[in-house]
Amino acid sequence: MIYYLILILFLLLLMIGAAVYSVVQKDLLYAVIGTGLISLVLSILFLLLQAPDVALTEAAIGVALTTIVFIITIRNTVRHEDEEKNRRTLPNQPTK
Amino acid sequence: MEKLSAGGKFARFLFAWVLLFLIWLMFTSTLALQEVLTGAGVAFLIALPTNRFFTEVQLYHFKPLRLIFAIEYIFVFLWALIVANLDVARRVISPKLPINPGIVSFQTKLTSDFAKMVLANSITLTPGTLSVDIIDDTYYIHWIDVKSLDPEQSKKEIAEQFEKILLKIF
Amino acid sequence: MNDILDIFGMILLLIGGIFLFLGGLGIFRMPDTYNRLQAGTKATTLGGMSVILSVGILEPGWFIKTLVLVIFIALSNPISSHALAHANYKRGNKPFLKGGPEYDQYRKTFEQEGKETEENTNEKVKEEETA
Amino acid sequence: MLNIIIYITLGFMFTGIFFSALRFVLGPTAADRTVALDTLTTIAMALLVLLSFVYKRFIYIDVALVYGVLGFIGVLVIARYLEGAL
């Protein structure tokens, strides 16, 4: 049983690493792929903790729906976050 | 897509219904009465609006002789898959990475789109090759260890054994 | 009889684990995206197929469902790898070539196609302007 | 006997997951990261099926099925976006 504890610990570390990576990352596409990695690891973790229904929902929503919605959002806006020249200004906002 | 008669439309609908019902049976993998009845109803409801996406050729491809060749194809394919994996293992483990990659092209004799797709998928899973693009009947293949740049020679190395059987099936 | 099946399943399980490991290692070691796709796709396809099939052999009641999963992996994995390779070439990432530029026979066709579509769009723009 | 082999296989799988995650962090282009995600999807499918065998529950295989189908669609959507054709 200690073996499975080590595996759970490894997966938790991997999940935290992916989460930190996708928060810190400037490129939004990489952040979205990182979010997919988080939900992959999370659904394995839920199965290891014997909660298959939660794992099913996590797999459905986290992998497919979130990724697709975010990809469509990125397509309609800009991909790199911190480029001043690409930033869209709102119509009523005064430009500097 | 050519226009179908009423019988053709019904055959296409029947094909979609039976296919969906078989998929349902495999997914639930029980033969309890309520499951089977629910599956038949759901498959009927889904097959009504979507049957024109399933097939263009109803059932006249289905002949017993083709089934024998299809089984032979599966065995040839599985053997090629095992050889491919041993090849990948040899390349990955050896410390010097013995690779010489490149993209080669060759022509195929196949005509139908489905046969082309099957051949492309098989090429992706066989030793050292990965299909990058298909334009009309020209395949562009990324080859991890290029042995020759001549189209005929590369076709003989990569796709001869599959195309021979696929020409008999389709 | 049952023991032989069990031993066969265990061997298949071990082989599958080794190939899944080799897939990860191949993705880590190879020099460019196409070679990574080659190693990753082939090794994980056979590895996943044999692990899932071994579960079906060790637990005979589950065989049909594991067979569905095996067929699904065999159909879906090459399609996704083909889509990724095509997308990667379209983005302009040229393959790593050891033997020189004549080893890339796709580039000529690719550039010609790009020019043709560009000309078409230019003509369309001109037509719109004249209209 | 069976337990030991399952432990060894799980160890191999997790080493594979580790290397793929490393490529995910290192990978220079977006396509490399997507390749890593694709490989992780297949490894995760096999892992979920093996875990359902460890826990001896038939229902758990459904998670692997749903995961495989939807992960495949996610990778295809990312590939189409990279191609610029979405």
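Which residue of β3(B) is the bridge partner of B:Ile135? I looked this up before anything else. The bridge partner of B:Ile135 in β3(B) is B:Thr138.

**Entry: model and conventions**

I note that this is a predicted model, in which local features need pLDDT of at least 70, side-chain atom pairs count only at pLDDT 80 or more, and totals for chains, interfaces and linings use all residues. Residues are numbered from 1 along each chain as its sequence is written, chains are lettered from A and ligands numbered from 1 in the order in which they are written, and side-chain values use heavy atoms, with hydrogens and water left out.

I read off the scores: ipTM is 0.84 and pTM is 0.85. For chain D the average pLDDT (the predictor's confidence in each residue, from 0 to 100) is 88, and 100% of the residues score at least 70.

**Entry: the sheet in chain B**

I took helices and strands as DSSP runs, numbered from the N terminus (helices H or I, at least four residues; strands E, at least two). Two strands count as paired if DSSP finds at least two bridges between them. In chain B, three strands make an open, antiparallel sheet with the order β1-β3-β2. β1 (102-107) and β2 (129-135) of chain B are the edge strands; each has a single partner strand, so one side of each has no neighbour in the sheet. From one strand to the next, the twist averages 25°.

I then went through the pairings. β2(B) and β3 (residues 138-143) of chain B run antiparallel and are joined by six bridges. B:Thr129 has B:Trp143 in β3(B) as its bridge partner.

I used heavy atoms within 4.5 Å as contact. Axes are lines fitted to C-alpha atoms, for helices over the stretch in contact, and angles run from 0 to 180 degrees between N-to-C directions. Helix α4 (residues 113-124) of chain B packs on the sheet and touches β1, β2 and β3 of chain B, its direction making about 155° with that of β2(B). Helix α2 (residues 33-58) of chain C lies across β2 and β3 of chain B and runs at about 115° to β2(B).

**Entry: rings**

I counted rings of Phe, Tyr and Trp (its six-membered ring) as paired if their centres lie within 6.5 Å; planes under 30 degrees apart are stacked, over 60 edge-to-face, and the rest tilted. Over all chains, the whole structure holds 18 aromatic pairs. A:Tyr4 and D:Tyr7 are edge-to-face, at 6.0 Å centre to centre with 70° between the planes. This pair joins two chains, because A:Tyr4 lies in helix α1 (residues 2-24) of chain A and D:Tyr7 in helix α1 (residues 2-26) of chain D. A:Tyr4 is buried at 9% relative accessible area, whereas D:Tyr7 is partly exposed at 29%.

I also checked B:Phe106 and B:Tyr139: their centres are 5.6 Å apart and their planes at 5°, so this pair is stacked. B:Phe106 is in strand β1 and B:Tyr139 in strand β3 of chain B, 33 residues apart. B:Phe106 is buried at 2% relative accessibility, and B:Tyr139 is buried at 0%.

I found a cluster linked by ring pairs, with A:Phe10, C:Phe21 and D:Phe12 among its members.

A charge sits over a ring if NZ of Lys or CZ of Arg is within 6 Å of the ring centre and within 35 degrees of the ring normal. The charged end of D:Arg33 sits over the ring of A:Tyr30, 3.9 Å from its centre.

Definitions and conventions:
Buried < 20%, exposed > 50% of the residue type's maximum accessible area, 1.4 Å probe, protein only.
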